[in-house]
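Please read the points with the structure open beside you.

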Amino acid sequence: MLKIIMISILAIGVSLIGAILTKVLLFPVIVTIFFSSIISFKYRQKFEQLERGQEHV
């Protein structure tokens, strides 16, 4: 999970730099929404495993 969060922070930073250079301000918004949906999906999977009583790693 930490790996996904670190990749998303890096990607959002790169998209911010790209937005400054290209003046396309919508790009960081799209990248942020994309990675937030991935992170929420992973958290939902872990929570469902906890509800079923399975071990989480």
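The points below go from the basis of the model to its helices and then to single residues.

1. Basis. This is a predicted model, in which local features need pLDDT of at least 70, side-chain atom pairs count only at pLDDT 80 or more, and totals for chains, interfaces and linings use all residues. Residues are numbered from 1 along each chain as its sequence is written, and side-chain values use heavy atoms, with hydrogens and water left out.

2. Helix pair. H1 covers residues 2-22 and H2 covers residues 26-52. Helices here are DSSP runs (H or I, at least four residues), numbered from the N terminus. The two pack at an angle of about 170 degrees, with axes 8 Å apart. That makes H1 roughly antiparallel to H2 (an angle over 145 degrees). Axes are lines fitted to C-alpha atoms over the stretch in contact, and angles run from 0 to 180 degrees between N-to-C directions.

3. Contact. Contact means heavy atoms within 4.5 Å. H1 contributes residues including Ile-4, Ser-8, Ala-11 and Ser-15, and H2 residues including Val-31, Phe-35, Ile-38 and Ile-39. By class, the contact of H1 with H2 has 14 nonpolar, three polar and one charged residues. Nonpolar takes in Ala, Val, Leu, Ile, Met, Phe, Trp, Tyr, Cys and Pro; charged is Asp, Glu, Lys and Arg; the others, Gly among them, are polar.

4. Two faces of H1. Ser-8, Ser-15 and Ala-19 of H1 are buried (under 20% relative accessible area, 1.4 Å probe, protein chains only; exposed is over 50%, partly exposed in between). Seen down the axis of H1, its buried residues fall within an arc of 40 degrees, so they line one face of the helix. The arc is taken from the directions from the helix axis to the C-beta atoms. H2 is included in what covers these buried residues. The face turned away carries exposed residues, among them Leu-2, Lys-3, Ile-9 and Leu-10.

5. Ser-8. Is Ser-8 buried or exposed? Ser-8 is buried, at 4% relative accessible area. Leaving aside residues up to four places away in sequence, Ser-8 touches Phe-35 and Ile-39.

6. Ile-38. This H2 residue is partly exposed, at 26% relative accessibility. Ile-38 and Ile-4 are 34 residues apart along the chain, yet their C-alpha atoms are separated by 8.4 Å.

7. Just after H1, Lys-23 takes a positive phi of about 65 degrees. Leu-25 lies in the loop between H1 and H2. Leu-25 counts as exposed, at 67% relative accessibility.

Conventions: Angles under 35 degrees count as roughly parallel, over 145 as roughly antiparallel, 65 to 115 as roughly perpendicular and the rest as oblique.
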